[in-house]
Amino acid sequence: MKWSWKLGEIAGIGIYLHVTFLLLLGWVAVSHYLAGQSIAMMINGVVFLLALFGIVVLHELGHALTARRFGIPTRDITLLPIGGVARLERMPDDPKQELWVALAGPAVNVVLATVLFIVLRLTSGVAPLSQFNVVGGEFLSKLMWVNVSLALFNMLPAFPMDGGRVLRALLAMRLDYVRATQIAANIGQGMAFL
Ligand code: ZN
């Protein structure tokens, strides 16, 4: 993608950051600084955004690594302010494969949310009065809710959400592909209208 910087590679897949993401980073930094009138507040906001960034990369890797299992390589993963995009070489032509590839992203968020929930339950029981734990706890709770929201949001049965692909894959197991895409797109439009 144009105007992107390569941050590195994970499992041989290039991870890129689009220039517009820096605008979001700047906006978060400034708005947090103004809200709290403190550098600490600003750092808090920026660290949270970077954590969010990490979660989105893991979500996209879920899609990319599942696609790899079906022999489909991923060109790159790019982070935009609206989310991440994993560019697969091609879409799976077997609906069953498309189903697994689409489900793998939200599944990563479900796993992360579950792990964070367990960590929170364990840590808040250990030292509830420690200041560090209160701050850390809030941060982790926010991350947990972000993962819950991402899983639910992405499973909305509308394109281009993962749920739209899941729906099409399920329909395509019974109908032909064109018809399945049509029905999935119509349901998506209905959702958008609502
Ligand atoms: Zn996804």
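Predicted model: local features only at pLDDT ≥ 70, side-chain atom pairs only at ≥ 80, totals over all residues.
Residues are numbered from 1 along each chain as its sequence is written, and side-chain values use heavy atoms, without hydrogens or water. Local features need pLDDT of at least 70 and side-chain atom pairs pLDDT 80 or more, whereas totals for chains, interfaces and linings use all residues.

Q: Which protein residues are the donors of the zinc ion?
A: Donors are N, O and S atoms within 2.8 Å of the metal (3.2 Å for Na, K and Ca); water is not among the atoms, so sites may look incomplete. The donor atoms lie 2.1 to 2.7 Å from the zinc ion.

Q: What spacing do the donors of the zinc ion follow along the chain?
A: Histidine 63 lies in helix 2 (residues 39-69) and aspartate 162 in helix 5 (residues 162-172), 99 residues apart. Helices are DSSP runs (H or I, at least four residues), numbered from the N terminus. The spacing of the donors is H-x3-H-x98-D.

Q: Why do the buried residues of helix 6 line one face of the helix?
A: Buried means under 20% relative accessible area (1.4 Å probe, protein chains only), and Ala180, Ala184 and Gly188 of helix 6 are buried. The arc is taken from the directions from the helix axis to the C-beta atoms. Seen down the axis of helix 6, the buried residues line one face because they fall within an arc of 70°.

Technical notes. Helix = DSSP H or I, 4+ residues; strand = E, 2+ residues; numbered from the N terminus. Buried < 20%, exposed > 50% of the residue type's maximum accessible area, 1.4 Å probe, protein only.
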